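Hi everyone, thanks for coming.

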Amino acid sequence: MRREHEGAAVRREFFRSAYLLGAPWDIGRPQRAFVQLWEAGAISGEVLDVGCGFAENALFLAAKGLPVCGVDMMEPAIQRARETASLRGLDVDLRVGNALELATLGRRFDTILDSALLHVFEPGDRPAFAASLASVLRPGGHYHALYFRDGPRAVPPEAVSATFGEGWRVKSIQEAHYEQTDPEGAQAWLATIERLPPSSSTED
């Protein structure tokens, strides 16, 4: 049996504690930043909500008629998301899984949403995360990431550009707001990154 990566074990324990104590991201609705992307026509095709938690973003898009998959490493979160989907009469593919091993889903996507997962990874783990995303995102598809702009988990724009280099194009990184149970929420970045076809480069 493969030993769990130390970073993954730390993340698992953090999220287990957060769910037991009341997760600050459990706002009972999709993040407004993603709703605005949907309204702007920036979310389409088959969608993956990576690190979906209680999957409000995934459920929102499923209600709009998109085929959606949500994956999270915490089984209690996925179980609750499945129950919510059932209550709302929504067909959503919700799975327990590792964001660093997305190829095991056996699916490909046109859009990937990331609500506050990117900043959870240590800098050394980000390239593996980018490679995992690339394994399931179709060329021409888009990865939209909402992540902390301030504080100890902040990820500066230059770090995102370094992580998503060859094979990707960072289309935009703009200031945004991450909603939490605290009405003030958190300052965030919203990045939109395109997966390039194999023959393309970041300089095209």
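Predicted model: local features only at pLDDT ≥ 70, side-chain atom pairs only at ≥ 80, totals over all residues.

Let's start with strand E5: nine of its 12 residues are buried, so E5 is largely enclosed by the rest of the structure. By buried I mean under 20% relative accessible area, with exposed being over 50% and partly exposed in between, using a 1.4 Å probe and protein chains only.

Residues are numbered from 1 along each chain as its sequence is written, and side-chain values use heavy atoms, with hydrogens and water left out.

So who are the neighbours of E5? On one side, E4 and E5 pair in the parallel sense, over six bridges; two strands pair if DSSP finds at least two bridges between them. Within that pairing, Phe109 stands opposite Leu137 in E5. With E7, the pairing of E5 is antiparallel and has seven bridges. There, Tyr143 has Ile193 in E7 as its bridge partner.

Now zoom out to the sheet. In what order do the seven strands of the open sheet come? The order is E3-E2-E1-E4-E5-E7-E6, and the pairing is mixed. E3 (93-96) and E6 stand at the edges with a single partner strand each, so one side of each has no neighbour in the sheet. From one strand to the next, the twist averages 15 degrees. For angles like these, axes are lines fitted to C-alpha atoms, for helices over the stretch in contact, and the angles run from 0 to 180 degrees between N-to-C directions.

Val71 has Arg95 in E3 as its bridge partner, and Asp72 has Val96 in E3. Helix H4 lies across E2 and E3, at about 165 degrees to E3, where contact means heavy atoms within 4.5 Å. Together, E2, H4 and E3 make a right-handed β-α-β unit. Right-handed here means that, with the strands pointing away from the viewer, the path from the first strand over the helix to the second runs clockwise. E4, H5 and E5 make a right-handed β-α-β unit too.

Let's stay with helix H5. Its buried residues include Arg126, Phe129 and Leu133, and the buried residues of H5 pack against E1, E4, E5, helix H6 (157-163), E6 and strand E7 (186-195).

On to the aromatic rings. Rings of Phe, Tyr and Trp (its six-membered ring) pair if their centres lie within 6.5 Å; planes under 30 degrees apart are stacked, over 60 edge-to-face, and the rest tilted. How many aromatic pairs does this rule give? The count comes to five. In one of them, the ring centres of Phe129 and Tyr143 are 6.2 Å apart and the planes are at 80 degrees, so this pair is edge-to-face. It links distant parts of the chain, with Phe129 in helix H5 (residues 126-134) and Tyr143 in strand E5 (residues 137-148), 14 residues apart. Phe129 is buried, at 0% relative accessibility, and Tyr143 is buried with a relative accessible area of 0%.

Another edge-to-face pair is Phe148 with Tyr178, at 5.7 Å centre to centre and 65 degrees between the planes. Phe148 is in strand E5 and Tyr178 in strand E6 (residues 168-178), so this pair ties together parts 30 residues apart in sequence. Phe148 is buried at 19% relative accessible area, and Tyr178 is buried at 4%. Ring pairs also link Phe121, Phe129, Tyr143, Phe164 and Trp168 into a cluster.

One last stop: helix H3 (residues 56-63), where seven of the eight residues are buried. The elements covering those buried residues include helix H2 (32-39), strand E1 (47-50) and helix H4 (75-87). After H3 comes Gly65, with a positive phi near 100 degrees.

Terms used
Helix = DSSP H or I, 4+ residues; strand = E, 2+ residues; numbered from the N terminus.
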